[in-house]
Amino acid sequence: MSYSLLISDLHLDPVRPGHLAELERLLADQAGRAARLYVLGDLFEAWIGDDDDSDFNRQAIAAFRAFSDAGSELFFMHGNRDFLLGQRFADDCGGTLLDEGTVVDLHGTRALLMHGDSLCTEDQAYQQFRAMARNPQWQQMMLAKPLDERRALAQGMRMQSQSNNANKAENIMDVTRSEVVRVMNEAGVRDLIHGHTHRPAVHDVDLGDGASGKRWVLGDWGQLGWWIVADGDGLRLESWEIGGAS
């Protein structure tokens, strides 16, 4: 098990069963082979609490559990869609929750892992929502509501987000260069890996004082699936076609 995998922004949703089927295929194929799998947020289109034990959610958890039971390590990071993922979910999957901005050693490459939404500092309206949604008291208030009410609230927030984003300039919804440089220098890394923006690419980053690094952006799962493979040769951003994607 001399390599690890990183994925993000699967946006699993019962209306898109093909993506869960693809995740199940990936997990079954890589179980016991990949040393580690990192899921960097927005695994689900919406997660309204660990007590939502729908058939769909149980199916996803079972696939992750089989992966971790085979000896591969599993890590989750919160995204802007599934910020209510909790310890129960991680335990059920046999995984570990990571904080935003965790530095890991990927087979010799020291990398900073983020979902990426905190890097979009020019989107001030979103950053205000993010601060509220990550507040433990607000989360406790949400989780105390009945499941049906939470489900309706999540649907309303998705619709509001789509409406808001339709009226925003593209550059506002992308990362802020100065924030990228700041977090990379603060963490002392040359490689940053994140998702969120749905703009898969590898960017050169001028870190100042003659230093440079790379920003690796994972793509969201649509017609294509995306992952980063990390091994002794470094990092590689790869994609493949998802059968039955819609």
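The buried residues of helix H7 are covered by, among others, strands E5 (102-106), E6 (109-113), E7 (191-194), E8 (201-208) and E9 (211-217). Contact here is taken as heavy atoms within 4.5 Å, and helices (H or I, at least four residues) and strands (E, at least two) are DSSP runs numbered from the N terminus. This is a predicted model, where local features need pLDDT of at least 70, side-chain atom pairs count only at pLDDT 80 or more, and totals for chains, interfaces and linings use all residues. Residues are numbered from 1 along each chain as its sequence is written, and side-chain values use heavy atoms, with hydrogens and water left out.

H7 itself spans residues 177-187, and its buried members are Glu179, Val180, Val181, Val183, Met184 and Ala187. Buried stands for under 20% relative accessible area, exposed for over 50%, and partly exposed for what falls in between (1.4 Å probe, protein chains only). The helix lies across E5, E6, E7, E8 and E9, and runs at about 70° to E8; axes are lines fitted to C-alpha atoms, for helices over the stretch in contact, with angles from 0 to 180 degrees between N-to-C directions. Just past the end of H7, Gly188 has a positive phi of about 70°.

Those strands make up an open five-stranded sheet, ordered E5-E6-E7-E9-E8 with mixed pairing. E5 and E8 sit at the edges, each pairing on one side only, and neighbouring strands are turned by 30° against each other on average, ignoring direction. Two strands pair if DSSP finds at least two bridges between them; E5 and E6 have five, in the antiparallel sense.

Thr176 counts as buried because its relative accessible area is 10%. Leaving out neighbours within four places in sequence, Thr176 touches Leu119, Cys120, Thr121 and Glu122.

Then there is His196, in the loop between E7 and E8. His196 is buried too, at 18% relative accessibility. Beyond its neighbours within four places in sequence, the contacts of His196 are Ser8, Asp9, Asn80, His115, Gly116, Asp117 and Cys120. With Asn80 there is a side-chain to side-chain polar contact at 3.0 Å, meaning a pair of N or O atoms within 3.5 Å; within protein, one must be able to donate a hydrogen and the other to accept it, and residues adjacent in sequence count only if both atoms are side-chain atoms.
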